[in-house]
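Hi,

Here is the structure I promised to pass on. Have a look at it first, and then read my notes below.

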Amino acid sequence: MRILFLTHYFPPEGNAPATRVHALCKRWVEMGHEVTVITCAPNVPDGKVYDGYKNKLVQREDIDGIKVVRVWTWVAANKGTLLRTINFVSFQMSATIASLFQKRPGVVIATSPQFFCGWAGVFASWIKRAPFVLEIRDIWPASIAAVGAAGMAPGRRRWLLRTLEWLERRLYGFSKHIVTVGECYRRDLLDRNVPEKKISVITNGVDADRFTPCAPDETIRQRHGLTDNHLVVSYIGTVGMASGLGVVLRAAKQYKERGNERVRFMIVGDGAIREDLETQAKAEGLDNVIFAGRRPKEEMTGYLSATDVCLIHLIKRDLFKSVLPSKIFEATAMRRPIVLGVEGFACELIRESNAGLCIEPESEGALIDAVDRLAADTRLRQTLGDNGYDYFVPRYDIDKLTRDYAGILGDIAARRPVAALPAVEESEHTAPTPNSRAGMDFKTTAGLTMLPTIEPAADTGVSFASLLAEARPGATPAERPVVCVQGLGHVGSAMAVAVANARDAQGQPLYNVIGVELDNDIGNEKVCAINAGRMPFAFTDGQLSAALKSGFENNNLIATINKDAYELASVVLVDVPFDVADINGTPHLPWDHFKSALRTIGTHIRPGALILVETTVPPGACEKVAAPLLAECFRERGLPEDGFLLAHSYERVMPGPQYYESIVNFWRVFAGHTDRAGDAAQAFLSSVIDTDNYPMTRLQNTTASETAKVLENSYRATNIAFVEEWGRFAESVGIDLFEVINAIRVRPTHNNLRQPGFGVGGYCLTKDPLMAKLAGQELFDLGLDFPFSTMAVKTNNAMPIVSLDYIDGALGGLAGKRILLLGVSYRPGVGDTRYSPSEIFVREAQDRGATVDCQDPLIDHWREFDLDLPAEIPGPAGYDAVVFAVGHKQYMELDLKAWLAGATPLIFDSNCVLSAAQRRAARDAGCDVRAIGRGGLPSPSPVEATP
């Protein structure tokens, strides 16, 4: 689709309209659309053309694949009325003329604020005979009256506003469709008699690629004379008439009079009243107000990280009760607590999410009360920041919103009715229902027929009702197709919960789900947990909790060790583990467990059922191992050898705060062993996953799907291993590699560059990179070596020893030393110790004669060592070294000064767990503080990692 977008504001300008348009257009280009933006030379807010640009008739450039056409305008500062109106009208004329010379688009978009840009869009759509979409970011010209910008006699102002409002209504009439940034704007348009079907809401969103939680930017704090003792309250955005930032100066004056030197206000940005505010602050001696001025957008993440509290504020006007400031998304994405001086809808969201404190706009007393409360309570600041992140990031993902917007444009360009968008989930305490879309028949998805309910064999005596009665006596199930999940590990148990929560158009569960485990101690523990309404392991995702509760209460989720359950299944999901074994230093593929699992299915499953392998397996496993084995099972039973349906669709489960979302709201890759199996897999997955917003990719065969997962994990493992040697280099030459990497990540092509750490853990990256090489040897008789993947595994396995070598050198040997290791799971927020780097560390430390005590807030029993762990963090007294290995929230919030209480062990941050303030507190307490990847520390001998 070819899109022509007219906007007055565009990067390198950094205001909200420019940021939104760029984020949308960049992603549309990545989706394969051709996007041209007509805009003016960057000059906002002071009316001075930025360096490197000229205000000439036409100039062209390419920004992130977007074709940008800049046209001449009468440049004016962002204040006053007459010159700004001339500026707006000149852009309308220039943009209209420029549209003459563009290729005919499928759709024309123009965005407010200021509807002269909208009229340019109308004219461009007439010229190009293309449908016009108007984007409303502001109810303009009502906002003129709201901020008092008309600057003229009341009678003349009323006449002007009436004229502009008439033009506004005509603009709505000429638009084919209207996109607003908030529900309140939609309601306002309905009050103006705009047809409901003509309006869609696409809010601003969270750009997780750009804004991610990180340690405070000490460089920025030092630049502005800020120390760890200062509480920084920042306003980041346009300093315009609507911002009402006089309240900051009034609050700062009271702090000054009280002798409070801790609170510092920082205003980052420029605009119509910035100079006046700065002049007033200097005149009143308010050195507790910092004016950072307009900063490049690349620095915004740094300024947010250097901020303790984000102030979001607008003057007190009824019009602003409908706005949802984009600053909320940036602050919550960075886990920063908010003080919100905006009434109405935005305040309702902040209160619902518990992401900050709402205050009366323009009240310095309310602002001071809120800041004092946050200054006195570090835990409250952290809690509000975490709440905001958990609430806003999944609901307002910019990638999803962009896809929704693209869908609207596609409908408009194709001259068909715009499909209704799914509603945003209201509460994290409500069990998610990803496929409860109105009008969807769960038995037909994308024209594919779902599998029928499979009747059990007459002689088994097993039924879902009987299994449910064993788990919860007296419970009664509804009649539904049965899905069995083989293996209730971290993937299988979460997948079982997700399938149990799939809904039809009436909101009723689609399936009865049975998790099937082995009859051993571990298997029985998992079965008992699921049947008691608990997950078999610790986790931190509230959505998963709600979904599990829903499955338990609906009586459509149970677990069993009874293999006869497979006879009930319409679908079996295979989620058993597949290891890479090591025999005398040589890796190989142990097929026995995988084959045994498939044989169990093959000897019980009914003809016509779908077997969907989600396990990460070597490429070729389904084609060359699973299909022949299942055919053999069916032949032995006297059934047609092709009576089963086999498909592969690898999981992308991400244990942590987005655990459940990574199943139901994430892209899937799949393939069938036959076309019929592929169709069945597509129909089933579409009933569980939100494929409208997260389309699936169907590959040519199961080997291609298996290869996709192995290559995906190999890429990430290699990326991580690549950085390890750079960490040792940085330490040796005295530079902080984390600062270096953050500087590089600003470049979009490098934003997934990893960072040094303690090592790779978990069930995937530690072994999957070896699967292609081994499959090539064992299944395809190939001689490919895969040297990069092999070296990545060896390097990553050796990374915990790098940390141990540092400690060994710092302590002058490990024999007889006591070490406290904080963190034994393989990643933050996850109660999973499989292949944890901590295991490698502890075994090697013990071999060298050290005693190692361990603690992890999510692990009460470390199965690999059969070791019970304390619930609370032990005190440091008596330890020679304390190692922070995993970035659990409890460790990142630890008050080191109070916790050390006079003890002075070696403090070793192996995984970027501690903040600069925590490291400084430990040094001030007399500890020797070391850290992986941060310069100035002696380097151990290089790790041998040759293939």
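Start with helix 21 (residues 621-636) and helix 24 (residues 702-733), whose axes come within 8 Å and cross at roughly 120°. Keep in mind as you look that this is a predicted model. Angles of 65 to 115 degrees count as roughly perpendicular and those over 145 as roughly antiparallel, so helix 21 and helix 24 are oblique to each other. On the helix 21 side, the contact is made by Ala621, Cys622 and Glu623. Helix 24 brings Thr702, Thr703 and Glu706 to it. By type, the residues of this contact split into two nonpolar, two polar and two charged.

How many strands form it, and in what order? There are five, in the order 28-27-31-32-33, and they make an open sheet with parallel pairing. At the edges you'll find strand 28 (851-855) and strand 33 (929-931), each of which pairs on one side only. Going from one strand to the next, the twist averages 20°.

Inside that order, take a look at strand 31 (residues 881-884) and strand 32 (residues 906-909): they run parallel and are joined by four bridges.

Helix 27 (residues 787-811) lies across strand 27 (818-822), strand 31, strand 32 and strand 33. Relative to strand 32, helix 27 runs at about 160°.

Cheers

Definitions and conventions: Residues numbered from 1 in each chain as written. Predicted model: local features only at pLDDT ≥ 70, side-chain atom pairs only at ≥ 80, totals over all residues. Heavy atoms only, no water. Pairing = 2+ DSSP bridges. Helix = DSSP H or I, 4+ residues; strand = E, 2+ residues; numbered from the N terminus. Axes fitted to C-alpha atoms, helices over the stretch in contact; angles between N-to-C directions. Contact = heavy atoms within 4.5 Å. Parallel < 35°, antiparallel > 145°, perpendicular 65-115°, else oblique. Nonpolar A, V, L, I, M, F, W, Y, C, P; charged D, E, K, R; others polar.
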